[in-house]
Amino acid sequence: ATTPEQDHQSGWLRTTGPLPQDPVIHAAVLAYVTDMSILEGAFRALGSQRHAPGSRILSLTHTLTWHAHPDLGEWHQFDSDVRAVAHGRTLGEGRIHDRNGQHVVTASQVGLVRLA
């Protein structure tokens, strides 16, 4: 297994408009935002780009663990790391913190990565 040199990425997220207070909608938004973005570092580790012609990525598992219920209308920091890349598989983990630094959600993902 290789540990990517550029295994960490960080970004900020919030919705551009109000969301219904339904927690299922908030979960769906965070699932969408975190899906595949956790694994971006795998392509850098392999010397490629995610959207290079012929490159493919497939999610095998994607989990969200809730530590609090974030208000997605407010800014949140999303830090993610690729933990390993080996034999076409990659493991990534992400952490979402609110603007006060509270860890509100942990995301993890295992995927298959194929380069062109």
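Leu 115 sits in the segment after β5, a strand covering 103-114.

Before I go on, a word on the source. This is a predicted model, where local features need pLDDT of at least 70 and side-chain atom pairs count only at pLDDT 80 or more, while totals for chains, interfaces and linings use all residues. Residues are numbered from 1 along each chain as its sequence is written, and side-chain values use heavy atoms, with hydrogens and water left out.

Back to Leu 115. Buried, exposed or in between? Leu 115 counts as partly exposed because its relative accessibility is 38%. The cut-offs are these: buried is under 20% relative accessible area, exposed is over 50%, and partly exposed lies in between, with a 1.4 Å probe and protein chains only.

What does Leu 115 touch? Setting aside residues up to four places away in sequence, Leu 115 touches Phe 43, Leu 46, Ser 48, Gly 54 and Ser 55. Contact means heavy atoms within 4.5 Å. Ser 80 is elsewhere: 35 residues from Leu 115 along the chain, with 21 Å between the C-alpha atoms.

Now the whole chain. There are two helices and five strands. In sequence order, the pattern reads β-α-α-β-β-β-β. The C-alpha atoms fill a box of roughly 40 × 25 × 20 Å along the principal axes.

Buried residues are 34% of the 116. Take the contacts between residues at least 6 apart in sequence: 66% of them join residues at least 24 apart. The accessible surface comes to about 6800 Å², and carbon and sulfur atoms hold 53% of that. Those areas come from the Shrake-Rupley method with a 1.4 Å probe; for residues, only the protein chains shown count as cover.

Charges next. The chain carries 9 positive and 11 negative side chains, and the centres of the two sets are 8 Å apart. Lys and Arg count as positive, Asp and Glu as negative; His and the chain ends are not counted. Each charge is placed at NZ of Lys, CZ of Arg, CG of Asp or CD of Glu.

Asp 81 lies in strand β3, residues 76-86. Asp 81 counts as buried because its relative accessibility is 11%. Which side chains does Asp 81 meet in polar contacts? One is His 8, at 3.0 Å. Another is Arg 95, at 2.5 Å. A polar contact is a pair of N or O atoms within 3.5 Å; within protein, one must be able to donate a hydrogen and the other to accept it, and residues adjacent in sequence count only if both atoms are side-chain atoms. Beyond four places in sequence, the contacts of Asp 81 include Asp 7, Ile 38, Leu 91, Gly 92 and Glu 93.

Stay on β3 for Val 85. Val 85 has 6% relative accessibility, so Val 85 counts as buried. Val 85 and Val 105 are 20 residues apart in sequence and 23 Å apart in space, C-alpha to C-alpha.

Then comes the loop between β3 and β4, the latter being 89-98, and His 87 lies there. His 87 counts as exposed because its relative accessibility is 79%. Its phi is positive, about 55 degrees, although His 87 is not a glycine.

Gly 88 is in the loop between β3 and β4 too. Gly 88 contacts Gly 111, Leu 112, Val 113 and Arg 114, leaving aside neighbours within four places in sequence. The C-alpha atoms of Gly 88 and Leu 13 are separated by 29 Å, at 75 residues apart along the chain.

Last stop: Ala 31, in helix α1, residues 23-34. Ala 31 has 26% relative accessibility, so Ala 31 counts as partly exposed. Outside four places in sequence, Ala 31 is in contact with His 62 and Leu 64.

Technical notes. Helices (H or I, at least four residues) and strands (E, at least two) are DSSP runs, numbered from the N terminus.
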